[in-house]
Amino acid sequence: MSNETNMPRVLPRLNEPAPIFDALTTLGRKTLEDYRGQWLVLFSHPADFTPVCTTEFMGFGRRYSDFRAIGCELLGLSVDSQYSHVAWVREIERKFEVEIGFPIIADRSMEVARAYGMIQPGASDTSTVRATFVIDPEGVLRAMFYYPMENGRSSGEILRLVKAMQTSDAFGVATPENWQPGDQVIARPPESLAEAAARMADTEYDCVDWYFCRRPL
């Protein structure tokens with residue numbers, strides 16, 4: 001086993017600054033700073049010209065305008081070359097009639113992949129797993145999740161999550177399971193007996209108990 005494999009890996013952590021990058025993409029060089037002031041979904045895939053990854057990119061491509069409508073950009077990544085990315089994007093547009101309007105990082109050195117923990121030796125030493133990172137307008141990592149190599153992600157769920165986080169930030173609330181815009185939100189629990197009594201008496205809230213109250217926005 002190599003020394004590199006034995007070395008502890010420091011993975012990015014939630015609510016801390018996302019690792020910076022300066023990388024070549026299908027739309028020119030991109031840095032993390034380029035996305036300052038916007039939300040960013042950075043996601044990796046194992047390889048170009050593979051069926052599961054193709055379905056994921058078609059899903060993101062179809063929803064790209066929906067992400068941009070809420071101030072969120074998309075940025076793909078794999079360790080394939082720039083030429084492979086270009087050829088694959090052209091093939092998707094020609095064969096499936098889906099435009100891939102967002103850039104894809106060509107991370108041949110694996111520098112970005114390693115910084116974000118996209119290389120998982122238990123799955124592959126040479127390919128990026130299906131990792132997804134949501135970065136807020138201040139460059140802070142707000143969500144991250146990993147999928148198996150064999151199973152595709154839901155671009156719709158990632159879009160829903162970004163909308164939910166934006167709502168929580170704007171209104172100081174939480175959102176329940178499978179929350180959709182227009183649904184009731186969950187109020188943060190009261191922190192004192194007086195606040196709990198006031199909450200239960202407030203007709204603005206739909207309370208099951210003092211700690212579990214919902215309300216419309």
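**View 1. Thr167 on helix α5.** At 11% relative accessibility, Thr167 counts as buried, where buried means under 20% relative accessible area, exposed means over 50%, and partly exposed is anything in between (1.4 Å probe, protein chains only). Thr167 sits in helix α5; helices here are DSSP runs of H or I with at least four residues, strands are E runs of at least two, and both are numbered from the N terminus. Setting aside neighbours within four places in sequence, Thr167 is in contact with Gly172, Val173, Trp179, Val185 and Leu217. Contact just means heavy atoms within 4.5 Å. A quick word on what you are looking at: this is a predicted model, so local features need pLDDT of at least 70 and side-chain atom pairs count only at pLDDT 80 or more, while totals for chains, interfaces and linings use all residues. Residues are numbered from 1 along each chain as its sequence is written, and side-chain values use heavy atoms, with hydrogens and water left out.

**View 2. The whole chain, before zooming back in.** The chain has six helices and ten strands. Its C-alpha atoms fill a box of roughly 65 × 45 × 30 Å, taken along the principal axes. Of the 217 residues, 44% count as buried. Take the contacts between residues at least 6 apart in sequence: 63% of them join residues at least 24 apart.

**View 3. Helix α2 against helix α5.** Helix α2 (residues 51–69) and helix α5 (residues 155–171) pack at an angle of about 20°, with their axes 9 Å apart. The axes are lines fitted to C-alpha atoms, for helices over the stretch in contact, and angles run from 0 to 180 degrees between N-to-C directions. On the α2 side look for Gly59, Phe60, Arg63, Asp66 and Phe67, which meet Ser155, Gly156, Ile158 and Leu159 of α5. Sorted by class, this contact has four nonpolar, three polar and two charged residues. For that sorting, Ala, Val, Leu, Ile, Met, Phe, Trp, Tyr, Cys and Pro are nonpolar, Asp, Glu, Lys and Arg are charged, and the others, Gly among them, are polar.

**View 4. Phe67 and the largest nonpolar core.** The largest nonpolar core has 24 residues, and Val41, Phe57, Phe67, Leu74 and Phe102 touch the most other members. A nonpolar core is a set of buried Ala, Val, Leu, Ile, Met, Phe, Trp, Tyr and Cys residues joined through side-chain atoms within 4.5 Å. β3 (39–44), α2, β4 (72–78), α3 (82–95) and α5 each supply at least two residues of this core, and the largest share, six residues, comes from α2. Leaving out neighbours within four places in sequence, Phe67 is in contact with Val41, Phe60, Cys72, Leu74, Ser155, Ile158 and Leu159. There is also a second, separate core of 22 residues, which includes Leu32, Tyr35, Leu42 and Ala113. In soluble globular proteins, nonpolar side chains tend to be buried together.

View 5. Phi of Glu97 is near 60°, a positive value in a residue other than glycine. Glu97 lies in the loop between α3 and β5 (104–106) and is exposed, with a relative accessible area of 72%. Met110 isn't a glycine either, yet has a positive phi of about 65°. Find Met110 in the loop between β5 and α4 (111–115); with a relative accessible area of 14%, Met110 is buried.

**View 6. Tyr147 on strand β7.** Tyr147 is found in strand β7 (residues 141–147) and, at 29% relative accessibility, counts as partly exposed. Beyond neighbours within four places in sequence, Tyr147 is in contact with Val129, Arg130, Gly152 and Arg153. The C-alpha atoms of Tyr147 and His45 are separated by 9.8 Å, although the two residues are 102 residues apart along the chain.

View 7. Asp136 lies in the loop between β6 (130–135) and β7. Asp136 is buried, with a relative accessible area of 9%. Not counting residues up to four places away in sequence, Asp136 touches Gln38, Trp39 and Arg142.
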